[in-house]
Amino acid sequence: MTSKVLQIDLHDAGRDGIYRVVPDDPMTLVDDAARAGLRLSRIDLRDCASHQRAAQCLAQAFEFPGPADEWPAVSAGLRDLGWLSAPGYVLVLDHADVLRAQAPEIYAAYRDHLASVARDWHARGVPFFVFMVFPDNETRDAAIDA
């Protein structure tokens, strides 16, 4: 199923990774993920401005079966996700620009950890897409690394 956002096939683990999208795109992504049968999680990054809270936000979004408030535990859990049993995963991170401005080190931690997790799922052939919501003027139609 090809998403209307960026024209990406959400079943194609070869295209997974981290992308910037505009504020209008998440509703389309919600519909596209549902039609593709992928598990969608969404986080408002304005609420995640400390390392502990950032880890908790990810654990809550993916319904971790136990507490996880440190990056190593969350990263390990994100590489498993056996309790969710889905053919792939879509994560929408709202207000990425706000987190980047208020807590650039937390923003960088999110980006780095999620990029690593996406590579691990990619190696297993399982789609793991992360869409970071930025204002229109900061969005590129390509995977990001900044």
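C48 counts as buried, since its relative accessibility comes out at 0% (buried means under 20% relative accessible area, exposed over 50%, and partly exposed in between, using a 1.4 Å probe and protein chains only). C57 is buried too, with a relative accessible area of 5%. This is a predicted model, where local features need pLDDT of at least 70, side-chain atom pairs count only at pLDDT 80 or more, and totals for chains, interfaces and linings use all residues. Residues are numbered from 1 along each chain as its sequence is written, and side-chain values use heavy atoms, with hydrogens and water left out.

C48 and C57 are joined by a disulfide, S to S 2.3 Å (a disulfide being a pair of cysteine sulfur atoms within 2.5 Å). The structure holds 1 disulfide. The torsion about the S-S bond of C48 and C57 is about -100°, so this disulfide is left-handed.

Now for a pair of helices (DSSP runs of H or I, at least four residues, numbered from the N terminus). Helix α3 covers residues 71-78 and helix α5 covers residues 104-123; their axes come within 10 Å and cross at roughly 30°. Axes here are lines fitted to C-alpha atoms over the stretch in contact, and angles run from 0 to 180 degrees between N-to-C directions. α3 and α5 are therefore roughly parallel to each other (angles under 35 degrees count as roughly parallel). On the α3 side, W71, S75 and L78 meet A109, Y110, H113, L114, V117 and W121 of α5, where contact means heavy atoms within 4.5 Å.

Key:
Helices (H or I, at least four residues) and strands (E, at least two) are DSSP runs, numbered from the N terminus. Angles under 35 degrees count as roughly parallel, over 145 as roughly antiparallel, 65 to 115 as roughly perpendicular and the rest as oblique.
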